[in-house]
Amino acid sequence: MDAYRAALVGLFPELASTFLDVGVIGRAVREGRLAYSHFNPRDYATDVRKTVDDRPFGGGPGMVMMVEPLRLATRDARQAVPQGSPVILLSPQGRRFDQRAAAELAGLPGLVLIAARYEGVDERFTAREVDDELSIGDYVISGGELAAAVVLDAVARLIPGVLGNPESAASESHVDGLLDYPHYTRPEFDGEDQAPPVLLSGDHAAVAAWRRREALGRTWRRRAGALLDRELSPADRELLASYINESATNDNGTPR
Ligand code: 9D3
């Protein structure tokens, strides 16, 4: 299988590498399933000072990334990825990145990720060179590198063979729109609390039902609306009804 190829464009190459060279993604890189390279606009600046930013036309705070160093870096980055790889700008104005977007990107042969600093990039660059803009959420971070690492990490996990166990990719939280169930490990009693007895019962069907019920219940409680968008099976409906009913009554079964 050919490696999934990512090219990162940005001023701080070491930032993304910190995350991509360790853990399961690091192993994928070492095993040749994921290849990534970096293109620094600073290396393409044409003046002796290596300038990559300038003041915004029209005035206002901050600086804007100039077209030319970005364009030259991005054109080299394109050459480093297969035909059909999209050029994506990480931007607070982008459409929201989620598990569905990760799956779509993982179905392509590669991608170019552009990380900006300062207030953003000259719109003429975006208009001519960028296929899509993605945001990782509605909060402000200091630049696109962290967002690029988030996107590439989420995408890389979905490349075949990256997660040792194919079941892991399928059961990943959010893949089926539900939050994960709670996890417990030894000791059974931690000095304060007991682990749920059902998990120690050896009854695999009961464990599966308990976990499904917890996943449905947490999603209902923590992600209002997420369950409205989906059709629940009769079994799931029953599990969720039991969770909701239990959360509305005390241990005597009387309403709270
Ligand atoms: C005052 C306007 N700000 C835009 C909301 C300025 C600004 C803040 C932070 C401009 C750029 C940035 C740097 N952020 C990113 O490059 C970024 C980002 C983010 O801040 N949040 C969520 N997703 C992303 S993707 C790239």
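How many residues line the second largest pocket, and which of them lie nearest its centre?

Mentor: Keep in mind that this is a predicted model. The second largest pocket has 25 lining residues. Nearest its centre lie L90, S91, P92, Q93 and E119. Its volume is about 510 Å³.

Now look at where that lining comes from. Two or more residues each come from β5, β7 (120–121), α5 (123–129), β8 and α6. β5 provides the largest share, five residues. Sorted by class, the lining of this pocket holds twelve nonpolar, nine polar and four charged residues.

The ligand takes up the space of the second largest pocket. A shell of 16 residues surrounds the ligand. The closest are S91, I136, G137, Y139 and I141. S91 is also one of the residues nearest the centre of the pocket.

Three elements each supply at least two residues of this shell: β5 (87–96), β8 (132–135) and α6 (144–156). β5 gives the most, with three residues. By class, the shell has nine nonpolar residues, six polar and one charged.

In Y139, a backbone N or O atom sits 2.7 Å from a nitrogen atom of the ligand. In I136, a backbone N or O atom is 3.1 Å from a ligand nitrogen. Then there is a side chain. An N or O atom in the side chain of S135 lies 3.4 Å from a nitrogen atom of the ligand. How much of the ligand does the protein cover? The ligand alone exposes 580 Å², and the protein buries 75% of that.

Rolling a probe the size of a water molecule over the atoms shows where empty space is left. Across the whole structure, the search finds one cavity of 30 Å³ or more. The largest cavity holds about 50 Å³ of space. Its lining is made of L8, V9, G10, F12, P13, A16, H38, L113, A115, E145 and A148. β1 (4–9), α1 (13–20) and α6 each give two or more residues to that lining. By class, these are eight nonpolar, two polar and one charged.

Note α6 here. α6 gives two or more residues to the lining of the largest cavity. It also supplies at least two residues of the shell around the ligand. And α6 contributes two or more residues to the lining of the second largest pocket.

Two backbone details to check as you go through the chain. R186 and P187 are joined by a cis peptide bond, with omega about 0°. P187 belongs to the loop between α7 (166–171) and α8 (204–222). K50 is not a glycine, yet its phi is positive, about 60°. K50 is in the loop between β2 (34–39) and β3 (53–54).

Key
Residues are numbered from 1 along each chain as its sequence is written. This is a predicted model: local features need pLDDT of at least 70, side-chain atom pairs count only at pLDDT 80 or more; totals for chains, interfaces and linings use all residues. Side-chain values use heavy atoms; hydrogens and water are left out. A residue is near a molecule or strand if one of its heavy atoms lies within 4 Å of it. A polar contact is a pair of N or O atoms within 3.5 Å; within protein, one must be able to donate a hydrogen and the other to accept it, and residues adjacent in sequence count only if both atoms are side-chain atoms. Accessible areas come from the Shrake-Rupley method with a 1.4 Å probe; for residues, only the protein chains shown count as cover. On a 1 Å grid over the protein atoms alone, a cavity is a set of points where a 1.4 Å probe fits but cannot get out, and a pocket is an open set with protein on both sides within 12 Å along at least five of seven lines; lining residues have an atom within 4 Å of a point. A molecule sits in a cavity or pocket if more than half of its atoms lie within 2 Å of its grid points. Helices (H or I, at least four residues) and strands (E, at least two) are DSSP runs, numbered from the N terminus. Ala, Val, Leu, Ile, Met, Phe, Trp, Tyr, Cys and Pro count as nonpolar, Asp, Glu, Lys and Arg as charged, and the others, Gly among them, as polar. Grid points are joined across faces, edges and corners, and a volume is the space filled by probe spheres set on the points.
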